[in-house]
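Trainee: Please take a close look at one part of this structure with me. I would like to see how two of the chains meet.

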There are 4 protein chains.
Amino acid sequence: MSSDLNFGEFSVSIFGESHGAGIGAVINGLPSGVELDMDRILDFMARRAPKKDGMSTRRSEKDTPEILSGLYNGRTTGTPLAAIIRNTDTRSQDYRNISTAARPGHADYTGFMRYDGANDPRGGGHFSGRLTAPLVFAGAVCAQVLERLGIESCAHILAIDGVYDDSFSELDVPHELMESIKSREMPLINESRAEEMRAHVLKASEELDSVGGIIECAVTGLPAGIGSPMFDGLENRISQAVFGIPAVKAIAFGKGFDFARMRGSAANDQMYMDGDTVKTSTNNNGGIYGGISSGMPIIFTVAVKPTPSIAKPQKTVDFIRNKDTELEIKGRHDACIVPRAVPAVEAAANIAVLSFIV
Amino acid sequence: MSSDLNFGEFSVSIFGESHGAGIGAVINGLPSGVELDMDRILDFMARRAPKKDGMSTRRSEKDTPEILSGLYNGRTTGTPLAAIIRNTDTRSQDYRNISTAARPGHADYTGFMRYDGANDPRGGGHFSGRLTAPLVFAGAVCAQVLERLGIESCAHILAIDGVYDDSFSELDVPHELMESIKSREMPLINESRAEEMRAHVLKASEELDSVGGIIECAVTGLPAGIGSPMFDGLENRISQAVFGIPAVKAIAFGKGFDFARMRGSAANDQMYMDGDTVKTSTNNNGGIYGGISSGMPIIFTVAVKPTPSIAKPQKTVDFIRNKDTELEIKGRHDACIVPRAVPAVEAAANIAVLSFIV
Amino acid sequence: MSSDLNFGEFSVSIFGESHGAGIGAVINGLPSGVELDMDRILDFMARRAPKKDGMSTRRSEKDTPEILSGLYNGRTTGTPLAAIIRNTDTRSQDYRNISTAARPGHADYTGFMRYDGANDPRGGGHFSGRLTAPLVFAGAVCAQVLERLGIESCAHILAIDGVYDDSFSELDVPHELMESIKSREMPLINESRAEEMRAHVLKASEELDSVGGIIECAVTGLPAGIGSPMFDGLENRISQAVFGIPAVKAIAFGKGFDFARMRGSAANDQMYMDGDTVKTSTNNNGGIYGGISSGMPIIFTVAVKPTPSIAKPQKTVDFIRNKDTELEIKGRHDACIVPRAVPAVEAAANIAVLSFIV
Amino acid sequence: MSSDLNFGEFSVSIFGESHGAGIGAVINGLPSGVELDMDRILDFMARRAPKKDGMSTRRSEKDTPEILSGLYNGRTTGTPLAAIIRNTDTRSQDYRNISTAARPGHADYTGFMRYDGANDPRGGGHFSGRLTAPLVFAGAVCAQVLERLGIESCAHILAIDGVYDDSFSELDVPHELMESIKSREMPLINESRAEEMRAHVLKASEELDSVGGIIECAVTGLPAGIGSPMFDGLENRISQAVFGIPAVKAIAFGKGFDFARMRGSAANDQMYMDGDTVKTSTNNNGGIYGGISSGMPIIFTVAVKPTPSIAKPQKTVDFIRNKDTELEIKGRHDACIVPRAVPAVEAAANIAVLSFIV
């Protein structure tokens, strides 16, 4: 179904529209008896909130989820965990002038065609990036379940507009590094790159434009043998989840597209025994062979396109009146959504990985 | 489930192991009354067969599927269509020496861990590239259903070992071009690149090595409004299907990772009316916004890693005896599987696209 | 997943616990652009509310659903429709004394075992009959979609404690009759039976006991050819939905168990042409052959066991202390839940039937 | 999907038509490493084969399944287990005269409408009782997995045409009894009832008619806590599976429709400690509360309608020519399919129960 991650006994269903009454998530199949730390869930969600550094929209979102079910005495009940987030600060007049002119790069036109014009167009409706809030909530819940199993994940900005952060080591992504990245204003391995990234974003913003980037995500602690061959393995489920994040247009595991220039002798990860544990001396495959984990870190990258909402005038169509028109998007919009997409990618990974274990 | 593409009312279930009795596919949810042309199905499958040009294994595969159900008087019944392909030429002695030494880059070790050592290890078992034969069969069936709806797809080799073919025009992929590509020995837009590609493959082969590449796929004729937001859209389903092909490690829609260096003003596809039809003057998004088709060609690329089976000695582990070992893979193996993966990618696209329409 | 009706592209997911913050439903796959009449939804839900006639609990439930998403300008958007119902009047002290003694006939013990004691035990938690409120909401939404397609459904009390109402005519269930039944205090075809039924319920109540019954449901207007063979037909989906209602223990289509004493010559529904329409002169099969509708009314009955919550002392176990104990259930409980289960059965039918059409 | 039992990670997909090339099943999600005893699978399947006692068709079915995948060295691989059964003795001329006259009680007309006339009509095509052969195969495989977990099931004829066998004790169904029933020519608890049942069947057969009956099934050894609330519990899954058997029209758990006349004080199963184990002194609920097992035997009954294929002349319609007609069904048909449906019901139970445990 359209807005469900339906993974066997485990599922996450997302609902809501940007300017409707509320958005939310229902998680089915969580193990029972897991104590959830709400503060840490809110911390996770805060990483998605708009920053005060000019990189993100100034719209203040108080996205505190209210858990309606599935939690009793602070522990998961095992029955569906539902949470809602109210939409409050939704000055819909900001969006008034874009209701019939399709915003290029957005789903305005395709959504209109899909739903015969009945979908909620305000702020993108169900297609809005705001829907990543319940996704991030669900991923934050999953993170706490995974932690009990010794599994941890972390995403960071690998690049913005051609300015690169360092990459994770494919062989070892330490817990401390993950914690540091999550605590930073900009989720980077090498904080010194933040300034240049910000400069690029601000320049684009001043030029009424926007920039894209790349996010890298690692999952550690997953033992060997988790996943499935063919259509329901780690790569399949992670992809299905990650493409649920608006603006994600590509995903690559391990060396990804760089494999296209490699020889097999270099691409194959040579194996060795490290005590009783099988390890690989490289990890070009991002910890996945045949859809199944090898015990090495899971590593993947995703491409995030530049925010389609830009203030520059754009040529488009009025899809009600079927005529050409020009559009200047007013309102408050991020010139770069990459930082805010980082916890969403991490959340998607958490959900996909947990689905194999519950 | 592990080996099912389970898309709402429509599904394709693949079964079999490389050296077992047989492999096959069950397709549920096909429309009834569609006349199937078996010759064209066999033509499609022949594009996957090993080539005689030294690029592929010389193992002769007579992969003629036998349709057991779902076809009556040459037309689909609407009830499950099942087909099997016998495994015949399976000299399992070729594989004898690799049964306990994990082949690097393969799923030998991860499959062993996943199934507690009970999976069929011969030739990769269920993880074998041979399982793409029923996938291609299913995609060939879907192609004939799609054709009645005016929808067509075509994949080609975009690159092998750094040697590039031309790309599809993102705005128009003519039927004649698709037909030409499919009829060629090497599925290329610009046939003049075949020689250089072959040279790279042969050189790698002589050096007991292998090479990878990139496949590009286009789907035309899909009207605007097909797909779904969030987790069950075109990108999600195509990805889920494509990652079912062994050796695929990345997928990118439209500009994919190149978006990371683009400005929004360039990335956004400006829109205009072409008579009564909404079109975009660029198609950076590969015909998909919010998981839904725009009416422009669907375009995506996938990365194929170098064939892991190489004759060069490799360091690995004996996962039964838990010790380091060295491995030289004998037997017949493709030095480059990119050409044979082309129809598999096209098949995956056909299945994913049809799933939204039936 | 446990609390989802997952029917291809269409699904209804129910969440909540009796004494938690709230309960609700998410409906995926509704057609877009359907105007919903909230008053009629509330009317439908009111049929589930406790009656003032002593047959049902006096707990006042103000189960007004709040629609959070999926509705815009009064019409369905096509994206997920989510609604929540707050739990307000939840005097949990009433339930205090039953927290460790399993209530016989309830899921207290099985739920405890299923969730390792972490499920919410208050008022039955997720197993509570209260969860039929969001089910009825979803069924009321579906009813309005079905109505546009000329499809209508109606359930009534067929029997309470051995006192029988008339049955629907298997050949024709007129719209006017359906409307009348829905408007009645007791959903009966023959209102004159209400008094005797009430007498049985009151007698049981006075004796600190409870009674069960049978509900019959009809769906009309479904054209021939809707459904599927084997595991995903009308009978399969209706059953899956109906067994989601607590206390339902059996379902029978058409003649059901009476078929066991019939001859084929009597059981087979002879067919004839009524103008251009194929009809059957009997409808023993309840309008379903091979999981597919015949165009005749769909008719099925379900058995509802007596309310397990009775005031009489009962022998049971304390499943925390692992010892025998005795239990007297205090609190407010229906002596007969059959009348309140009627709209739930109808809702389940609506959901199952609509799932084949969207 | 129409012909799949899709239970989370576990699924059984059935394909085939009565007179096509073959029928079969694909089982996904079996545990790996389970040794399968083919002789016992064949024994199980033989219980479905036509009897030599005149009760069943004389058509000789050599329904030996060929396992194509999922089994290696006699043990399950964990990857999809596929098996096919060839259709051999398919004298289609027997069926020639019924191709355009709908057989009353069959799915001829509804299948025609569902598939726009493209479905295979020979012998009922995909709707044929013959499709229970792969279902029984799958159930026989599941039985061997369940046995390792101490879980056992057995179905028997509870009634044919009003002649009743004894019922299982709801409190204890011993292994020895199960074994005896399975070894008998007629699957009965009280063999002395066989003669009278046979007499009823033969009389009906002589009168060119047929009879129906009731099958009772028990599952023992299932620990408490298996299942799920609401829509995906034991009752839901067993029902979904059992209604996949042609001619099944009703299912009842525990006391089923008899609950309608019971008082709560009698219906509630009083609980007590038997050493460390929670037991109930009655088992009216058939071992299931809230969709979850109690540890007591699972007990349910299903109604099987009389074989619709009878030799008596019947009034029907020619659905090609849209006119009334009369039909005399020639060919070989069982006058009572209840005995042959017994292993199918047991198989359905095995599949449903195993789906919760894998």
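Mentor: Start with one pair. Arg86(D) makes a salt bridge with Glu66(B), and their closest N and O atoms lie 2.6 Å apart. A salt bridge here is a side-chain nitrogen of Lys or Arg within 4 Å of a carboxyl oxygen of Asp or Glu. The rule finds two salt bridges across the interface of chain B and chain D.

Keep in mind that this is a predicted model: local features need pLDDT of at least 70, side-chain atom pairs count only at pLDDT 80 or more, and totals for chains, interfaces and linings use all residues. Residues are numbered from 1 along each chain as its sequence is written, chains are lettered from A and ligands numbered from 1 in the order in which they are written, and side-chain values use heavy atoms, with hydrogens and water left out.

Now widen the view. In contact (heavy atoms within 4.5 Å) are 45 residues of chain B and 45 residues of chain D. Together the two chains bury about 3200 Å², 56% of it on carbon and sulfur atoms. Buried area is the accessible area (1.4 Å probe) that two parts lose on being put together, summed over both.

Next, polar contacts. Each is a pair of N or O atoms within 3.5 Å; within protein, one must be able to donate a hydrogen and the other to accept it, and residues adjacent in sequence count only if both atoms are side-chain atoms. The interface of chain B and chain D has 16 residue pairs in polar contact, both residues at pLDDT 80 or more.
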